[in-house]
There are 2 protein chains.
Amino acid sequence: MQIGELGEQLGVNPKTIRYYESIGLLPEPARSSSGYRVYDETDAERLGFIKAAQRLGLALDEVREILALRDGGQAPCAYVRTVISREVADIDQRLEELHRLRGELVALEQRARSASGEGTICGLIEHVRQKSAP
Amino acid sequence: MQIGELGEQLGVNPKTIRYYESIGLLPEPARSSSGYRVYDETDAERLGFIKAAQRLGLALDEVREILALRDGGQAPCAYVRTVISREVADIDQRLEELHRLRGELVALEQRARSASGEGTICGLIEHVRQKSAP
DNA sequence: GTAGAGGTTCCAGCTAGCTGGAAGGCAACC
DNA sequence: GGTTGCCTTCCAGCTAGCTGGAACCTCTAC
């Protein structure tokens with residue numbers, strides 16, 4: 001498939017795909033006779049992985065490192081294990097914090113639910129609306 | 001406490017704290033007679049919240065919105081509830097993705113653990129080391 | 001009273017991660 | 001064969017989120 005289709009499929013701008021290639025996140029793809037980039041499902045999976053990791057707050061540098069580990073899957077070693085452990089510990093902390101944040105929000109919502117019946121006017125709206133007004 | 005101490009406590013650069021104030025994430029603090037910013041535990045808690053939310057991948061704009069909800073806690077209403085629900089749904093998705101990513105990494109580590117005894121040399125090291133070399 | 005650490009404002013510049021535009025090539029349809 | 005649309009490279013510019021530096025003030029210790 002061409003770059004446009006890949007981008008469409010994953011919701012990623014073709015520009016971004018070329019950019020990822022330029023910084024070594026995606027391998028240089030095959031080219032058609034006319035020079036167009038040609039991608040396959042492996043590329044799509046990889047791009048999906050990048051986007052998922054990114055949504056979780058990983059920097060592209062970290063993603064690159066993880067992908068490198070994944071790519072060279074043949075003979076991992078002690079060093080690799082430490083890299084992975086660090087990453088997992090990091091994720092665990094994020095999980096915990098996300099849980100806490102979620103708890104806070106849910107508690108807020110409880111308060112919202114109990115405080116007002118179906119009222120649609122409150123000071124908060126004004127507050128929040130300021131976002132849209134310059 | 002002064003800006004330096006607050007920063008120290010939370011691991012945040014004083015510059016960053018002033019920046020947060022300038023974009024409305026932190027309220028304008030009290031000032032000492034000589035014009036120094038003076039903070040209390042409430043500010044520390046708020047800054048901690050901001051940093052936690054940020055580590056989870058929330059943009060400062062979103063953090064601002066959540067803080068606004070929190071601040072105006074007196075009379076939440078229907079609109080507020082929808083904002084919160086959206087945020088919670090978002091978090092749930094992130095939680096799920098984080099779990100998946102964690103699973104992948106742990107699987108990778110299993111492979112590492114079983115493949116090599118205590119070997120410290122492998123192709124991966126070279127690969128990963130390229131990061132440090134220009 | 002002077003040195004040094006830490007505070008102030010203001011303004012400029014930086015990194016990460018894209019994104020837009022120019023200038024042109026290729027493919028497919030009418 | 002011309003138009004439309006997607007592709008190419010290259011280079012510049014953008015937003016978010018800081019961060020560094022200049023120029024100056026203030027507190028504390030010697």
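Colleague: In which hand does helix 1 of chain B pass helix 3 of chain B?
Modeller: Helix 1 of chain B makes a right-handed crossing with helix 3 of chain B. A crossing is right-handed if the near helix is turned clockwise from the far one by less than a right angle, and left-handed if anticlockwise. Before we go on: this is a predicted model, where local features need pLDDT of at least 70, side-chain atom pairs count only at pLDDT 80 or more, and totals for chains, interfaces and linings use all residues. Residues are numbered from 1 along each chain as its sequence is written, chains are lettered from A and ligands numbered from 1 in the order in which they are written, and side-chain values use heavy atoms, with hydrogens and water left out.

Colleague: Why is helix 1 of chain B called oblique to helix 3 of chain B?
Modeller: The two pack at an angle of about 45°, with axes 10 Å apart. Under 35 degrees would be roughly parallel, over 145 roughly antiparallel, 65 to 115 roughly perpendicular, and the rest is oblique. So helix 1 of chain B is oblique to helix 3 of chain B.

Colleague: Which residues of helix 1 of chain B meet helix 3 of chain B?
Modeller: B:Leu6, B:Gln9 and B:Leu10 do, against B:Glu41, B:Ala44, B:Leu47 and B:Gly48. Contact here means heavy atoms within 4.5 Å.

Colleague: And what makes helix 3 of chain B oblique to helix 4 of chain B?
Modeller: Their axes come within 10 Å and cross at roughly 140°. That angle makes helix 3 of chain B oblique to helix 4 of chain B. This crossing is right-handed.

Colleague: How many residues surround DNA strand C?
Modeller: There are 20, and the closest include A:Lys15, A:Tyr20 and B:Arg18. A residue is near a strand if one of its heavy atoms lies within 4 Å of it. Helix 2 of chain A gives the most to that surface, with four residues.

Terms used: Axes fitted to C-alpha atoms, helices over the stretch in contact; angles between N-to-C directions.
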